[in-house]
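Here is a friendly walk through one protein chain, written to be read with the model open beside you.

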Amino acid sequence: QVQLVESGGGLVQPGGSLKLSCAASTSIFSFNPMGWYRQAPGKERELVATITSIGWPNYADSVKGRFTISRDNANNAMLLQMNNLKSEDAAVYYCNARSIGYTGVRDFWGQGTQVTVSS
């Protein structure tokens, strides 16, 4: 079973930065894509950014130009650099990894890390 563990969340002031990490218990080479999602209180989980196995990123419009997703296949990790954070970015951020195999599509999720943006 794949385990994903997020870290790097915390409290930051508006305009500040945070870097989230997602560590996988197994090789991430074949996961396609991997991504970050977030869920604010009372709202549905939403896509933040995804990255393919060869490193092509995709971003939600709300974070374009501020967030950068990357993956380190050698170290089984995925990162999310978040700059110029806004109050609306506050949420629990989840790491996702998608595996496509003979049995179909499987999605793996981490437990989430809290990001709070407040002055």
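Predicted model: local features only at pLDDT ≥ 70, side-chain atom pairs only at ≥ 80, totals over all residues.

In it, four strands make an open sheet in the order β1-β3-β8-β7, and their pairing is antiparallel. At the edges are β1 (4–7) and β7 (67–72), each of which pairs on one side only. From one strand to the next, the twist averages 15 degrees.

Strand β1 is joined by four bridges to β3 (residues 18–24), and here V5 stands opposite A23. Six bridges then connect β3 with β8 (residues 77–82), with S21 facing L79 across the pair. Another antiparallel pair is β7 and β8, joined by six bridges; in this pair F67 is opposite M82. The hairpin of β7 and β8 has four residues between the strands, and N76 takes a positive phi near 55 degrees there.

Look next at E6, which is found in strand β1.

The side chain of E6 does have backbone partners. One of its polar atoms lies 3.0 Å from the backbone nitrogen of Q111, and the side chain also reaches the backbone nitrogen of G112 at 2.9 Å. Beyond its neighbours within four places in sequence, E6 is in contact with several residues, including S21, C22, W36, Y93 and C95.

T50 sits in strand β5 (residues 46–51). Its relative accessible area is 14%, so T50 is buried. Leaving out residues up to four places away in sequence, T50 touches P33, M34, G35, Y37, W56, P57, N58 and I69.

T26, in turn, belongs to the loop between β3 and β4 (34–39). With a relative accessible area of 32%, T26 is partly exposed. Not counting residues up to four places away in sequence, T26 touches V2, F31 and N76. T26 and N76 are 50 residues apart in sequence, yet their C-alpha atoms are 6.8 Å apart in space.

## Salt bridges

How many salt bridges does the structure hold? There are five, and among them is the one between R38 and E46, whose closest N and O atoms are 2.7 Å apart. R38 counts as buried because its relative accessibility is 5%, whereas E46, at 37%, counts as partly exposed. K64 also forms a salt bridge, with D61, and the closest N and O atoms are 3.1 Å apart. Here K64 is partly exposed, with a relative accessible area of 49%, while D61 counts as exposed at 65% relative accessibility.

R66 forms a salt bridge with D89, with 2.7 Å between the closest N and O atoms. R66 is in the loop between β6 (57–59) and β7, and D89 is in the loop between β8 and β9 (91–101), so this pair ties together parts that are 23 residues apart in sequence. Both R66 and D89 are buried. A network of salt bridges links R38, E46, R66 and D89.

Definitions and conventions: Residues numbered from 1 in each chain as written. Heavy atoms only, no water. Pairing = 2+ DSSP bridges. Helix = DSSP H or I, 4+ residues; strand = E, 2+ residues; numbered from the N terminus. Axes fitted to C-alpha atoms, helices over the stretch in contact; angles between N-to-C directions. Polar contact = N/O pair within 3.5 Å; in protein donor to acceptor, adjacent residues only side chain to side chain. Contact = heavy atoms within 4.5 Å. Buried < 20%, exposed > 50% of the residue type's maximum accessible area, 1.4 Å probe, protein only. Salt bridge = Lys/Arg side-chain N within 4 Å of Asp/Glu carboxyl O.
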